[in-house]
2 protein chains.
Amino acid sequence: MDFWVSIGSTYSYLTVMRIAEAAGAAGVAVTWRPFNVRAIMVEQNNIPFKDKPVKTAYMWRDMERRAAVHGLDLRVPAPYPLPDLPFANAVAVLGMREGWGEDYIRETYRRWFVGGERPGEAPNLPDSLAALGLDPEETQARARAPEIEAALAAETEEAKAAGVFGSPSFVVAGELFWGDDRLEAALDWASGRHPALS
Amino acid sequence: MDFWVSIGSTYSYLTVMRIAEAAGAAGVAVTWRPFNVRAIMVEQNNIPFKDKPVKTAYMWRDMERRAAVHGLDLRVPAPYPLPDLPFANAVAVLGMREGWGEDYIRETYRRWFVGGERPGEAPNLPDSLAALGLDPEETQARARAPEIEAALAAETEEAKAAGVFGSPSFVVAGELFWGDDRLEAALDWASGRHPALS
């Protein structure tokens, strides 16, 4: 199952923190695929929270309740939106190549939603990299390489081709599920437990 | 628990068809409160599907899957949006006063999502009323009374005051839940089974 995740999405915090355990229990292998959700949402005129204070207030409360259901720490509202969303995800693309991507995404999300620090910038980004045993300056320099920027753009195009329009999304054999609240349905689909469609 | 429902919302089909059984099993009393969701969404610049073909296509597929989970009939895409959304809900307001409101909402939704007929207009509206044993012409004339229009507007203002920004929504002692996929969480909250928030 492909887990399309974009650092900068609020609800993705819940998924990032619980997908490893949930997928493990379901026996489903997951590939994390960081992408730039903002590029797709702007292109599709899909702006869920900007200038929508009532819906935004609801989103934070709903996240509080769902975090409690899943036993996750959460301090809301977290800083939002993220100016450095693309770079936060470029670092994730580099990390996926080098084997520390999942740990980085969890670490930067934890510092965002528990510590109140924005991903993609200091102190969250260098501290997250240091926590993984990486050299923050050297790693950020490598994440700024044109090749990594191109790889993030290519992954974003692949997400769009798969029908992805938001984060988190899950794709199982061409079937798309969107939202942390569809994680269980996606895992059911991947393991053949979803009811057949008429 | 207040069930804020606006005929014209797609996902509300799932809730309309299953809330009686789900709430009964949870031992939660439900008050159906029809309102004009469009008036609130336009005011809040909350336009989820217009000019968003990718997200709209996903919504229909997601509804298909969720209908299968709940064992509900569904033919998608159903006609959308509804030109006569306000009148469809004015009839519902009248019906709630006279005791046939819930049956009307279920009947008109069934004809919309299984029969492909738009609520609020012929043939769906008169046939739905006739199926309940009502005189279609006389009932529609009463639903056009200024008093009913005012009652729908007053309910819509009450929904807005409760923080409602979409349909279906559930309000339990000031706590708002939005979406068919939050029905179980709302029932858990109403019956004291939701985990406490920190």
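**Interface, symmetry and fold elements of the predicted dimer model**

In the predicted model, 100% of the interface residues of chain A are also interface residues in chain B, so the two copies meet through the same surface. In general, two copies of a chain are related by a rotation about an axis together with a shift along it. Here, chain A is superposed on chain B by a rotation of 180° with 0.0 Å of shift along the axis, and the RMSD is 0.0 Å. The two copies are thus related as by a two-fold rotation axis.

Chain B contains an open sheet of four strands, in which the pairing is mixed and the order is β2-β1-β3-β4. The edge positions are held by β2 (31-34) and β4 (175-178) of chain B; each has a single partner strand, so one side of each is left without a neighbour in the sheet. From one strand to the next, the twist averages 25°.

Strands of a sheet pair through backbone hydrogen bonds, in either a parallel or an antiparallel arrangement. In chain B, strand β1 (residues 2-5) and strand β3 (residues 169-172) pair in the antiparallel sense over three bridges. Within this part of the sheet, Val171(B) of β3(B) lies opposite Asp2(B). Strand β3(B) also runs antiparallel to β4(B), to which four bridges join it. Phe170(B) has Phe177(B) as its bridge partner in β4(B). The hairpin formed by β3(B) and β4(B) has two residues between the strands, and Ala173(B) in this hairpin adopts a positive phi near 50°.

Helix α3 of chain B comprises 18 residues, numbered 53-70. Its reach from the first C-alpha to the last is 26 Å, close to the 26 Å expected at 1.5 Å a residue. The residue that follows α3(B), Gly71(B), has a positive phi, near 70°.

Buried positions in α3(B) are Tyr58(B), Asp62(B), Met63(B) and Ala67(B). An α-helix has 3.6 residues a turn, so residues three or four places apart point the same way. The cover over the buried residues of α3(B) includes elements from both chains, among them β4 (175-178) of chain A and α1 (12-26) of chain B. In chain B, the strand β4 (175-178) is one of the two that stand at the edges of the sheet.

Conventions
Residues numbered from 1 in each chain as written. Chains lettered and ligands numbered in written order. Predicted model: local features only at pLDDT ≥ 70, side-chain atom pairs only at ≥ 80, totals over all residues. Pairing = 2+ DSSP bridges. Axes fitted to C-alpha atoms, helices over the stretch in contact; angles between N-to-C directions. Least-squares fit on C-alpha atoms with pLDDT ≥ 70 in both. Contact = placed C-beta atoms within 7 Å. Expected span 1.5 Å × (residues − 1). Buried ≥ 20, exposed ≤ 12 C-beta atoms within 10 Å, placed from the backbone.
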